[in-house]
Amino acid sequence: MDASGIADGSDEQALQAAVIRGDLEVAKSLLSSLANPNAIDTHGETPLFEAASSGSINLVAVLLQWGADPSKPSRDGLVPRDLTVDTGILTLFDFFEKHEVPTSSKEAVLAKLEPGLSKEFEEIMADESESEGEQTQFKPPVEVFEETSTKLGAPRDVSEHDALAASKQIFEIVNTKRCKVYSKPDLDSAVLTSKSRGGFVHGVEVTMNFWLRLHGGGGGWMLMDMQGINGQREVLRPKEGLDFPIRSFQPQGVACLQVLVEAVYILSAPCEQGRLLSKRASGEVIFVESQSCDGWLRLTGGDGWVRGGLRGGLGSATLFALLEEGTEQVDLWALSDVWRAARREGDGALDSDTVLKLLDIQDECSRMVDEKLRSRTPGDLDSYLQCGLTEKDMTLSRCGIGRRLFRIILTEKLQAGEVLKKPADLVFSEHLPALLQAVGKLQFEEEGDLKELNLGSDDTILDPETGKVLGLWNSSSRHIMPMTHMCDFYQDQGRAASPEAIAEQGEDVEQMALVVGREDLLQIGGHEDSVKAAFDDCMDKVAVGDEATMAGALVRCKQFASDCRFKTGLEVSEGILAAFETSGKVDIDFTRDMLKCRAACWAALGEHEQVLIETDQILALENEFQGEQRHFFHTGMLEDAEVKKLRRNAFAARRGVRDREACTGTAWRLPSVKSTLADID
């Protein structure tokens, strides 16, 4: 047996070499790193052949312990037991092949094993005895796949091509126009051919922005949904229902998932017989670029495949949570490269400190993107170029420009060396451009002519025929503005005004009266001082957690909602919550009830994104997420049925409304109440 026929530098080649040398510790280390114990050399022999022929019972035991198959034959038809006469090794083979083994033979094996292994096998063999003859084989870490991948004799060399071919599904062409087949998942790539309505194609893989890879017939790619380009929507429809783990459109062509279970295992092919490559631990983030038609997820960078299983999705297992909120301006491809580089420096693994640093740098870069864009000069191209952006960057969508700036800031941050030891070695991978999604139509009159353009999800105006960016829609002037005016969208963003800021604004006296429930004071001459005094007294009581004052504020907010005074309810609750947050006090029940009231007001106003923002905060409270864990707040569990219903309806309404409503000029994500309410008719 030799190590030829296996990829140079692979863990399997190293394992073969370690067994040939008789190096038990190296073999253990490689197996614990998920090297495949059933990899074969040019003779079709696994490492177990060499271990058996050398008479090393310790190596045989370790290989069997990690899933080596004692019944797998070589190309000559031999099995490992044919190469040894050692009674201890033969006893181990009998045990793992489920033959009856006398107690005396087991004791003889334990006496030959080194102390550490002897203790482990004593427990394994004891478990087998307690099960009254039923074999209880040690299961390697692939037990997450339960039955198939741990069966002795299960093939572990299925190719990606064969696995994808086995998953192919039939799709019907439902578009009324001729549908193009492209050479790449890119509208600017070469067109191979076209298909007509009523025809059928075979597909094997779908990207995160809905490109379908065709199987047979020359291959190629078709866009399943044209996202409003040239007036087209759905193009392809599966003939039978498919169990896709990720069903929402991801414009960047990559999805960000958080691991929820103890560990998930990465395989070389989209099937349970693929070779084990690595694993991802709980809390880590993985990046997915496509999914097979039978529910396997392809990781970015050629890192392998993982079985799907998404919280809230189809299927039985819950392995991941999809992280969508707050990632519109995050360059997920660049972030994926950084996570991969960190894993490479950690020999394929990440410790908890590195994970938190990666999450923190994402948050910090996102915050800096908002700050930099907020400080630009409207209409001044040079002020954007000073951030490192290029003129070509300024032809992208609003979120596209934000993502370019995110990458620039991320690169600068990494140079500090706090996350990567060798940031200079990081090379960002090439990827296809984001596919812009049209969520509505914009009609307006220009020089007597009625024009109709597509509205993107970030208020970017798109050419209806090509999908290219035309500019930004200004709802006040009713004109399309150059992308250099995108800073206007960030001017009013920020946290709720503090009580001190409210008190300094004389024009907010009426709001102050509403906050404290003393509208009667507005009828008295010279009421400003009285209102301010009442406001200060209320805020002082809230700051110390006065239950009566807080309960009164909550009752007022609910009453405003009942009276359909939704804007007023939102303004009052914002002031109260800002004061309570400033105090540093913690009252989960009060904060949750106030947020629930706000979510109901936003729902009544049709502001679905704001409903999700409020319910996200409730999720954080109910799951006791603090500090860095708030990165994952939307992966928790909700107990309140009303909040669940609000959140579910918001997601459903957001999808439907964005597809049919005309532009209102309202930004989709505005955490400030004032800036949002001002745009609601």
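A nonpolar core here is a set of buried Ala, Val, Leu, Ile, Met, Phe, Trp, Tyr and Cys residues joined through side-chain atoms within 4.5 Å, and buried means under 20% relative accessible area (1.4 Å probe, protein chains only). This is a predicted model, where local features need pLDDT of at least 70, side-chain atom pairs count only at pLDDT 80 or more, and totals for chains, interfaces and linings use all residues. Residues are numbered from 1 along each chain as its sequence is written, and side-chain values use heavy atoms, leaving out hydrogens and water.

Start by selecting F287, W339, L410 and L414: they have the most contacts inside the largest nonpolar core, which has 43 residues.

Now zoom in on L414. Leaving aside residues up to four places away in sequence, L414 touches V338, I361, V419, L420, P423 and L426, with contact meaning heavy atoms within 4.5 Å.

Jump to another core, apart from that one: 33 residues, including A51, L59, L92 and F121. Then pick F95 and F96, both buried.

Last, colour by pLDDT, the predictor's confidence in each residue, from 0 to 100. The protein chain averages 75, and 73% of the residues score at least 70. Select residues 130-155, where pLDDT is below 50. Where pLDDT is low, the predicted coordinates should not be read in detail.

Notes. Buried < 20%, exposed > 50% of the residue type's maximum accessible area, 1.4 Å probe, protein only.
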